[in-house]
Amino acid sequence: MIQMYHVEMRYPGETYGLRDVSVSIKRGEFVFLTGPSGAGKTTLLRLLFGAEHPSMGQIVVAGRNVSRLSSASIPELRRQIGVIFQDFKLLSERTVFENVGITLEIAGLPRRELRARTWSMLRRLGLGHRLDHRPRTLSGGEQQRVAIARALVNDPPLLLADEPTGNLDPDLALDIMDIIADAHARGTTVIVATHDPGLLERYPHRRIVLDNGRLVMDRRPDAFPTPAPQVVWPVS
Amino acid sequence: MDRHRLRRLMSALRSGIRGIRATPLIFALSVSSMAAGLLLLGTYLLVVQNMRAVIERFGHELRVVAFLKPSVRPEPASLDALRVRFEALDGVSRVRFVSKGQALENLRADLGREASILEGLERNPLPASFEIELASESRSPGAVGALAARIAESEEIDEVRYGEDWVQGYARILRAVVWLGAGLGAFLMLLLGTIVAGTVRLALYARTDEIQIQRLVGAGGLFVRLPFYLEGALQGAVAAAVALAVLYGLFQLGLPIVGDLLAFMLGRSAPAFFGAGEIALLFVMGVGLGLGGAVLSLLRLEEAP
Ligand SMILES: Nc1ncnc2c1ncn2[C@@H]1O[C@H](COP(=O)(O)OP(=O)(O)O)[C@@H](O)[C@H]1O
Ligand SMILES: [Mg+2]
């Protein structure tokens, strides 16, 4: 599903987002992307859906060479990828229903199907009573679930989640992880960027660890001793 | 166009209307500035149209009158030969012979009650003539002049008249009006285009976040742009409607005030408002401007990732 070859991402002013990262993720995998704040997790995700272009190296996502994709083909790629943004990126002037439906609207689904799928997705996430609310009138956990609903409503082959449990209390975080696990169980390839040790401890998935832009560890689940080692990253 | 595209188009249109509702002030602002510009343009077109009408009418009445030499005997055979020769000339639509007797009758009719002054005449002083009507494409001053010169070459013809001073003078005015119109029109179009581009860009800034998010969740260029195109076109159409309404109001209000002056300038007929064709033209210009402005201000949108 994803191949990265010697990818380097250099921001203006000689800041490195990523340095020489090579990684391969197969269809149907569930991967944690972890490392301290500023390690390059968000940068890696943004490269995958074409929000950034790598300074060096090649990136292949679902058979497309993203590093060489024309700006006209990027929308097509993004329709295959559900993205949960760290800051949600909800449309503040639209209702919850519209925020979730936009994914299907862009995909060109018939109105009736759009309505049915959006409704059922929002109900599944416990937002059935919030359809006509604006995002800013919702709690953080509810906004997070709207963002998840938007990313998943189209059943994307690939889900990228950037700190999806970021500022939520532990119970809510588990709810969110259940929803993501559910999507994974139905065949979606999942990458979750997180620096929450609680999550890593709880779910025995493959971990890709970044530090200062470099890939420092890539561990398969079967390589974990039981119990999984506790990794605590400084939070800044 | 397949069904998916059509649906995407429809939802983009919905999104455009939502966009207008989200920023009604920007919409109102651009509509009123465009309407002001279109009003100027419309006023100008109205003036030109009415001046054209005068020229048309004048042209319609324009004819060349060729007077026969008194020495030419009005025999049917030679008159026919002359008429055939004139009819064969380029730009001539009809030739009519007016005999000395008819000319006197016409004059008598024109004089009406004053006709008694003709009573004392011993002999008809009026020459016989040919009245030559022109085909519509030859009603330009240059063509009339050339035709008159050809006719004057005939040895049977004494003198040719066609109101040359009037024709040349009016033609000069018309040319000036047309050039002025072209210049003013181009300037106004530029001004209006800039206004629209500016206001579309305002709307664009007001919705930057929205556009960015649409892009991130996979919206293509058309999905993002179409709402703005629609908004621009709608702005233009509404502005044209407003401009036409105001222009019509001014026309109705101002007519009694300047009516006499206009009647003098325009001749017998009253000034006329636009017909369906001109109204459609103004709408097309409005919509074209709105669209053009939107296209202009969206040109740079593509690069952002
Ligand atoms: N737009 C940007 N411009 C400049 N530097 C950036 C930008 N985005 C990220 N960086 C830098 O790249 C590095 C990696 O950032 P990021 O990918 O956000 O890390 P993480 O998501 O792991 O916290 C950091 O040093 C950060 O300062
Ligand atoms: Mg981050």
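I take a polar contact as a pair of N or O atoms within 3.5 Å. The model is predicted.

**Entry 1: ligand 1**

I started with T43(A). An N or O atom in its side chain sits 2.5 Å from an oxygen atom of ligand 1, so I log the pair as a polar contact under the 3.5 Å cut-off. Next I checked T42(A). A polar atom of that side chain is 2.6 Å from a ligand 1 oxygen. For G38(A) I found a backbone N or O atom 2.7 Å from an oxygen of ligand 1. I then looked up the area: ligand 1 alone exposes 560 Å², and the protein buries 63% of that.

I listed the shell. Among its residues are Y11(A), P36(A), G40(A) and K41(A). By class I get 4 nonpolar, 7 polar and 1 charged. Both β2 (15-25) and α1 (41-48) of chain A supply at least two shell residues each.

**Entry 2: chain A against chain B**

I looked up the contacts: 22 residues of chain A touch 20 residues of chain B. The two chains bury about 2,000 Å² between them, with 56% of it on carbon and sulfur atoms. On the chain A side, R78(A), R94(A) and I106(A) lose the most area, together 27% of what that side buries.

How many salt bridges cross the interface? I find 1. R94(A) pairs there with E210(B), N to O at 2.4 Å. The polar contact count between the chains is 3 residue pairs.

I sorted the chain A side by element. α2 (74-78) and α3 (96-107) each give at least two residues. α3(A) gives the most, with 5. By class, that side holds 11 nonpolar, 3 polar and 8 charged residues.

Note on methods: Residues are numbered from 1 along each chain as its sequence is written. Chains are lettered from A and ligands numbered from 1 in the order in which they are written. This is a predicted model: local features need pLDDT of at least 70, side-chain atom pairs count only at pLDDT 80 or more; totals for chains, interfaces and linings use all residues. Side-chain values use heavy atoms; hydrogens and water are left out. Contact means heavy atoms within 4.5 Å. Buried area is the accessible area (1.4 Å probe) that two parts lose on being put together, summed over both. A salt bridge is a side-chain nitrogen of Lys or Arg within 4 Å of a carboxyl oxygen of Asp or Glu. A polar contact is a pair of N or O atoms within 3.5 Å; within protein, one must be able to donate a hydrogen and the other to accept it, and residues adjacent in sequence count only if both atoms are side-chain atoms. Helices (H or I, at least four residues) and strands (E, at least two) are DSSP runs, numbered from the N terminus. Ala, Val, Leu, Ile, Met, Phe, Trp, Tyr, Cys and Pro count as nonpolar, Asp, Glu, Lys and Arg as charged, and the others, Gly among them, as polar. A residue is near a molecule or strand if one of its heavy atoms lies within 4 Å of it. Accessible areas come from the Shrake-Rupley method with a 1.4 Å probe; for residues, only the protein chains shown count as cover.
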